Amino acid sequence: MSSDQENNRGMAGDGKPDRGMVGYGTPHHGTPDHGTTHGDAVSRDITLLLADATDAVRIGAAPCQAVVRGGRRRKTRRWTVAAVAAVVIAGATGTLALTAMTDGDGGRVSPAATRPATAEERHVYKPQKTTLETGHDYGKDWKVAVDVWGAPRNEAESSRQYEALKRLYKVVPVVINRGSATPTAPDPSEWVGKGRVYVRLTVGDRSSSVVEEEFSEGGVPLGKGSKTYTTPLLDNGALQGEPDEKSDRQLVIGRVPPAAQQVRVTWSDGSTTEIGRDEGRLVDAVGSRMSWFVVLAPEGLSYDSTKVTK
Amino acid sequence: MGDRKQARDAEFQSFFIGRWPRLLRTAFLLTGEQHAAEDLVQTTFEQVYVAWRRVASAEDPDTYVRRVMINAHARRHRRRLKELLAPRSDSPLVPELPDGGDRMAQADDRGTLLTALSHLPPRQREAVVLRYWEDLSEAQTAEAMGCSVGAVKSNAAKGIAKLRALPGLAETVTQGGRK
């Protein structure tokens, strides 16, 4: 197949539709319509608005090397998973053979050593908690903790985990957009084999999840090695009416590989904050192979970037 | 053997480079955020890389790529419990607004549209983006979304109706789009 075949068909070089092109809006597939001329006009307008909205995208160079590396990792992982599965099957067969054996007195040999961990032992229904940081600002105590939920091994465990999670976090459906309640319960099959991490921010007596991530059963994050999140320390409007009209401060929450020893956070004015494992500020989350840090932005500054320096 | 692999990699990279700008824009409309869009396209192409031999020999590789991307997008949404994530002004989940400056009015429109899109349920958003931005037919959209043509019609119509109901957008739409 030629790689240039149909490349950006009917588009300008930047991947946007060529608006000068005759027929754009009455495209090759047929215009989306609702059976009326007005419908056609509206469709065309929506198309144009969508095209305009994509002006906000910054088109950089295609990250070829990163994608190829990622693709190779996926290929390797697929082979590794297949190999591990083969070993597990072989091991299970051995275990079954062992359980069928009897000792010299005719009693059964106990297979206790090969008993699989229960869902409770794997923390499927109750997370392992690690406190990352605490503080006292604006007259309120705050705390950031990470909850690590073990990976369900089947759909029944997934559903029960979701129920446990709703109970623990006091989840109530939020109705947005004129009556469409989101979210619906997740597809249980999507949660099988994946652990979950929730970073919980508690300010005063109110808690909320500010980060949600998945990780593989081995405790390795599914996303990239490092990731940084930002969130206001207080909810919107919480400072309204404060006598000294302080502005809210940004809370920076980051995940780095467990081998990282030091992280540098750069702020909007170019100043930096060093966060080291030695000082106990790079914290391993119990139940996963991830380290986390939390740092509050200096007043009036916002987060710019994170770099693992050691 | 090594030469064949190199040739396959080169072919894949060329394909990827060609599709990157367009799919990044599509992903941006789906996710409402630059980094999430880049992440979605990268994830998509990592999966495409794994199956490249099959994809390259397919009659229409773009169909396969779109399907992978929509699946990846749907998966992210299914696993994200929105109600657990308190809406916060600078949370990474909030649609990224473009720079303002002398194009403030355009940026406002964009911001309004992106916010409106982000409030659509994922399936409606996917239907709207595939039909009106990717310019796919109902059948092609159904194939990309892995659902029936009827479901596409319904999702796209509901999505458009919600977008049109927004005051800022309704005005723009009734004026024949922003000039």
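D147(A) has Y198(A) as its bridge partner in β5(A), and this pairing belongs to a predicted model in which β2(A) and strand β5 (residues 194–203) of chain A are joined in the antiparallel sense over eight bridges. Strand β2 (residues 140–149) of chain A is mostly covered, with seven of its 10 residues buried, whereas for chain A as a whole 26% of the 310 residues count as buried.

**The hairpin of β1(A) and β2(A)**
- Strand β1 (residues 128–137) of chain A runs antiparallel to β2(A), and nine bridges join the two strands; T131(A), for example, is partnered by A145(A) in β2(A).
- Two residues lie between the strands of this hairpin, where Y138(A) takes a positive phi near 50 degrees.

**The four-stranded sheet**
- An open sheet of chain A is formed by four strands in the order β7-β8-β12-β11, with antiparallel pairing.
- Because β7 (227–232) and β11 (283–284) of chain A stand at the edges and each has a single partner strand, one side of each is left without a neighbour in the sheet.
- Within this sheet, strand β8 (residues 250–256) and strand β12 (residues 291–296) of chain A pair in the antiparallel sense over six bridges, and L251(A) stands opposite L296(A) in β12(A).

**Chain A overall**
- The secondary structure of chain A comprises four helices and 13 strands.
- Among the contacts in chain A between residues at least 6 apart in sequence, 57% join residues that are at least 24 apart.

Key. Residues numbered from 1 in each chain as written. Chains lettered and ligands numbered in written order. Predicted model: local features only at pLDDT ≥ 70, side-chain atom pairs only at ≥ 80, totals over all residues. Pairing = 2+ DSSP bridges. Buried ≥ 20, exposed ≤ 12 C-beta atoms within 10 Å, placed from the backbone. Contact = placed C-beta atoms within 7 Å.
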